[in-house]
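Q: I have the sequence and the model open side by side. Please take me through how to read some of the features.

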Amino acid sequence: MAESAVNEKKITLTKHDRWKVAWRSQFLQGSWNYERMQNGGWAYSIIPAINKLYKKKEDRAAAYQRHLEFFNTHPYVAPPIMGVTLALEEERANGAAIDDAAIQGVKVGMMGPLAGVGDPVFWFTVRPMIGALGASLALGGSIMGPLLFFVLWNVIRLATIWYTQEFGYKAGNAITEDLSGGLLQMITRGASMMGMFVLGALIERWVNIKFTPVVSSIQQQKGAYIDWKNLPSGTEGIHKALSDQASGLSLERIKVTTLQDNLDSLIPGLVPLLLTFLCMWLLKKKVSPIVIILGIFIVGIVGHVIGLL
Amino acid sequence: MSAISMVLVVIVAFFAGMEGILDQWQFHQPLVACTLIGLVTGHLTEGIMLGGSLQMIALGWANVGAAVAPDAALAAIASSIILVQGGQGVKGIGSAVAIAIPLAVAGLFLTMLVRTITVAIVHLMDKAAAEGNSKMIDFWQYLCIGLQGLRIAIPAALLLVIPASSVRSMLESMPAWLSDGMSIGGGMVVAVGYAMVINMMASREVWPFFIIGFVIAALSDLTLIAIGALGIALALMYLSLDKGGSGSSNNGGGSNTGDPLGDILDDY
């Protein structure tokens, strides 16, 4: 094989070939299975490059088979691994002594650390953030919510897939050295800080629990509430009522304090926070999230029936 | 519902099913899936609002490693079909959300079923590879993706043929205490998703960021974009301080030019 490669012209993958691989990588998870996970999708993605590089049938068959080995990573960080693999396969097709173990080693060596980047960055930072942004617009019925989410997400995603694959292809073997360097680790750390920050905010904003029991009902002093009976008639009355309210007068004669008001005066969102901690604890105790979700619904229904929520 | 709408609903469901496993274009996320179902059935606004509510619950659901998250695709598609068939309009969103959760669990079993079937298909891929037949590998890959699409399309089609009146009467027979209670549960259930994410990410280093985020969110003037910007700024500050500290102790400081963005641009 080495001899023939010397005689022939060097085969290289064009930008078009690499784009085909990047495009196909979107179907990476399509044949996800419990035996070798993303292996089928990986082989499928890389087929255009293999067919370009190897002309002999037995070479192709061997290449398909070595790319059907176990593989699993975050789908958006597979492209840089593919980029490196493309560079290796290209060298090999041109006669370099790169064996199956080296190619498999690069794949396995990169998939773990990169999955560790992909999950916190995409699933736990970018998607919850764009999703929450879109959802908060959508709750009001605005089409901008779904549109924003869809467009923003896919622009980020496609750019990531293409440019990281190109980066992997150019870096070739060198990328493995870069992985142990600081940059990638810093991105991961930064993303989890950012993610935790936003999570804290989301728990305060979006977990809803309201305790309805009334703690106290106090008859307020005259002058502390709006005197509805003695308002001037017509628009003047509305004006007075509104300006009374603006100057801090209560709407009702009787001031009702619920349990929720008392809890909010400690710190807003305390109960959602405690509920989240409870869920974390249960998850750590290996309670299935499904069980917790169903449990919360039961608590919601029972709590509502007995008048607590 | 017209025949064209029904066909379109099944197509949308098929896309959501494929995306539920591919996780690329996000057709399976409630925000997109419910909106599309709303669009093709002429109930766009309700679809968007349902999508928004479900998205809030599904924010933390993610396929990590071999684990599968609760199935957002089936939850989104089925609950929006039920919302449309029920004919209660915006009022029906609360109970549609409540129905979505058990469906997300049911979808989980369907996903696991398809992933097990796929094991057999991958062995057929091995055979095609040994023969050097890349067209067959492609074919099996498409078949697997198609199966994932059918996983959602078939339940969607079944829901469509159940007459709207029986869906409606089922919803109306639900007592108020049950639907209200379920809405309350829906408000709390979001916490589970967040808890899953926190368990994945939490470390001694990042907890202070969580606390700051939690406290700052009480300032209701801040939009989520503002909070996000603040988070980026804090993370950058922390990282640069951390780097500066170790840099100066190791090599007397001086390798950093002080402008990371500038450095990246220079290197590019």
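**Reading the features**

A: Begin with one residue: A:Tyr76 has a relative accessibility of 0%, so A:Tyr76 counts as buried. Buried means under 20% relative accessible area, exposed means over 50%, and partly exposed lies in between (1.4 Å probe, protein chains only). This is a predicted model, in which local features need pLDDT of at least 70 and side-chain atom pairs count only at pLDDT 80 or more, while totals for chains, interfaces and linings use all residues. Residues are numbered from 1 along each chain as its sequence is written, chains are lettered from A and ligands numbered from 1 in the order in which they are written, and side-chain values use heavy atoms, with hydrogens and water left out.

Q: Which ring pairs with that of A:Tyr76, and how are the planes set?

A: Rings of Phe, Tyr and Trp (its six-membered ring) pair if their centres lie within 6.5 Å; planes under 30 degrees apart are stacked, over 60 edge-to-face, and the rest tilted. By this rule there are 18 aromatic pairs over all chains. In one of them, the rings of A:Trp42 and A:Phe71 have centres 4.4 Å apart and planes at 45°, so this pair is tilted. For A:Tyr76 the partner is A:Phe122: the centres are 5.1 Å apart and the planes stand at 80°, so the pair is edge-to-face. A:Tyr76 is in the loop between H4 and H5 of chain A and A:Phe122 in helix H6 (residues 100–138), 46 residues apart, and the pair links distant parts of the chain. A:Phe122 is buried too, at a relative accessible area of 7%. One aromatic cluster is formed by A:Tyr76, A:Phe122, A:Trp123 and A:Trp153.

Q: Where in chain A do A:Trp42 and A:Phe71 lie?

A: Helices (H or I, at least four residues) and strands (E, at least two) are DSSP runs, numbered from the N terminus. A:Trp42 is in helix H3 (residues 39–53) and A:Phe71 in the loop between helix H4 (57–66) and helix H5 (78–93), so the pair ties together parts 29 residues apart in sequence. Both A:Trp42 and A:Phe71 are buried.

Q: How many helices and strands does chain A have, and how many does chain B have?

A: Chain A has 13 helices and two strands. Chain B has eleven helices and zero strands.

Q: What is the radius of gyration of chain A?

A: The radius is taken over C-alpha atoms, and the globule rule is 2.2 Å times the number of residues to the power 0.38. For 309 residues a compact globule would come near 19 Å, but chain A has 30 Å. The C-alpha trace of chain A spans about 105 × 45 × 35 Å along its principal axes.

Q: Which residues does B:Gln141 touch?

A: Contact means heavy atoms within 4.5 Å. Leaving out residues up to four places away in sequence, B:Gln141 touches A:Phe27, A:Leu28, A:Gly30, A:Ser31, A:Gly40, A:Gly41, A:Tyr44 and B:Met125. B:Gln141 lies in helix H6 (residues 134–161) of chain B. With 0% relative accessibility, B:Gln141 counts as buried.
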